[in-house]
Amino acid sequence: MIPHSELRGLVGGLRVHEPLSRHTTIGVGGVANYFFSPEQAHDLKLALDLCRDYGLPYIVFGGGSNVLFPDSGYPGMVISTDRLRDMRIGDGWVEAAAGVFTPALLTLLNQAGERSLNFLAGIPGSLGGAIVMNAGPRGISIGDRVDTVTVVDERGLVRKISGGDFCFSYRTSLARDTRLIVIEARLRLDGEPYDLKGTIAAKRANQPLDQLSSGCIFKNPPGDSAGRLIEQVGLKGFRLEKAKVSEKHANFILNLGGASYAEIRKLIDIVREKVYKSLHILLELEVEVIDE
């Protein structure tokens, strides 16, 4: 444990024994020993220093839309970027902090007449999470629009990395493969325009956006759709206690209210095993599962 005298030096929101179910879009997760929301990169560095000095594990996340915490919680510090929300628009570019939620970013851009990032409409979570996961629909992703990414490394040093060097590929990036923490990104606004309302309407028609979930559970195999494969093996709508495979989109697992990590984890395993045994395709997780 970190002494209270040390914790007083952290500027931002610090909570002890914080239920993680309050911070994830699927509404599941036990308590974290510490939950910290830094207000600037300096505060983030101080938190990392404390974790290192006291041998405390840590994990960084944004909107909580792509992570599944166990019912036992997290024994270290969960660092949330939700207080990092600065945004600036320039000529052909926008700079936004990692904690800016995607809908807020698109609202600002559309008010300024910029519609080139509207392909991100309907994607939950924060900009930082979108960068780490290289979020986007088929055929385009946020990495295609990234000019630079500002990160904090494990030593607490702030670095700026070009989009070309950030190793963007399908549902991953340099930040997912390392311990780099995204704190800001500069995006180009030179792409073709997308219809905001039409994009959201299309997603609502095909995805359970109004229910508790972690978004897509599995990555799409090359040339195919994880949702289609799950439906093909007869698991669309399959229910296990309070967890259920969505009837609208089979690559979503829903918390029907009061679902446990164990139920959702078991349902994930059932789906993977059935698809593998029936179709000889091993589905790879897209959601980040924190094991007990």
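Mentor: Start with one term. Buried means under 20% relative accessible area, exposed means over 50%, and partly exposed lies in between (1.4 Å probe, protein chains only). This is a predicted model, where local features need pLDDT of at least 70 and side-chain atom pairs pLDDT 80 or more, while totals for chains, interfaces and linings use all residues. Residues are numbered from 1 along each chain as its sequence is written, and side-chain values use heavy atoms, with hydrogens and water left out.

Trainee: Why is Lys-219 called buried?

Mentor: Its relative accessibility is 13%. The limit is under 20%, so Lys-219 counts as buried.

Trainee: What makes Lys-219 and Glu-284 a salt bridge?

Mentor: The term asks for a side-chain nitrogen of Lys or Arg within 4 Å of a carboxyl oxygen of Asp or Glu. Here the closest N and O atoms are 3.1 Å apart. That is within 4 Å, so the pair qualifies.

Trainee: Why does this pair tie together parts that are apart in sequence?

Mentor: Look at where the two residues sit. Lys-219 lies in the loop between strand S11 (213-216) and helix H7 (226-232), and Glu-284 in the loop between helix H8 (261-279) and strand S15 (288-289), so parts 65 residues apart are joined. Helices and strands are DSSP runs numbered from the N terminus: H or I of at least four residues, or E of at least two.

Trainee: Is Glu-284 buried or partly exposed?

Mentor: Partly exposed, because its value is 46%.

Trainee: How do you know that Arg-88 and Glu-95 form a salt bridge?

Mentor: Their N to O distance is 2.7 Å. Arg-88 is partly exposed at 34%. Glu-95, at 14%, is buried.

Trainee: Which network do Arg-88 and Glu-95 belong to?

Mentor: One that also links Asp-147, Glu-184 and Arg-186 through salt bridges. The whole structure has 19 salt bridges.

Trainee: What about Ser-173: buried or exposed?

Mentor: Buried, because its relative accessible area is 0%. Ser-173 lies in the loop between strand S9 (158-162) and helix H5 (174-177). Neighbours within four places aside, its contacts (heavy atoms within 4.5 Å) are Ile-131, Val-132, Phe-166, Cys-167 and Phe-168.

Trainee: What makes S6 and S9 edge strands?

Mentor: First, the sheet. It is open, with five strands in the order S6-S7-S10-S8-S9 and antiparallel pairing. S6 (87-90) and S9 each have a single partner strand, so one side of each has no neighbour in the sheet.

Trainee: How do you know that S6 and S7 pair?

Mentor: Pairing needs at least two DSSP bridges between two strands. S6 and S7 (93-97) have four bridges, so they pair, in the antiparallel sense. Gly-90 stands opposite Trp-93 in S7.

Trainee: What makes S11 and S14 a pair?

Mentor: Two bridges join them, and they run antiparallel. Ser-213 has Leu-254 of S14 as its bridge partner. Strand S13 (243-245) is also joined to S14, by three antiparallel bridges. Here Lys-244 stands opposite Leu-254. S13 and S14 form a hairpin with six residues between them.

Trainee: Which way do the residues of S14 point?

Mentor: Phe-252 and Leu-254 point one way, Ile-253 and Asn-255 the other, and all are buried.

Trainee: What makes a group of residues a nonpolar core?

Mentor: They are buried Ala, Val, Leu, Ile, Met, Phe, Trp, Tyr and Cys residues joined through side-chain atoms within 4.5 Å. In soluble globular proteins, nonpolar side chains tend to be buried together.

Trainee: Which residues touch the most other members of the largest core?

Mentor: Leu-105, Leu-117, Leu-127, Ile-131, Phe-166, Val-182 and Leu-187, out of 31 residues. S7, H3, helix H4 (127-133), S8, H5 and S10 each give two or more residues to this core. Beyond its neighbours within four places, Leu-117 has contacts that include Val-94, Leu-106, Leu-109 and Leu-187. A second, separate core has 25 residues, among them Ile-26, Ile-230, Leu-240 and Ala-243.
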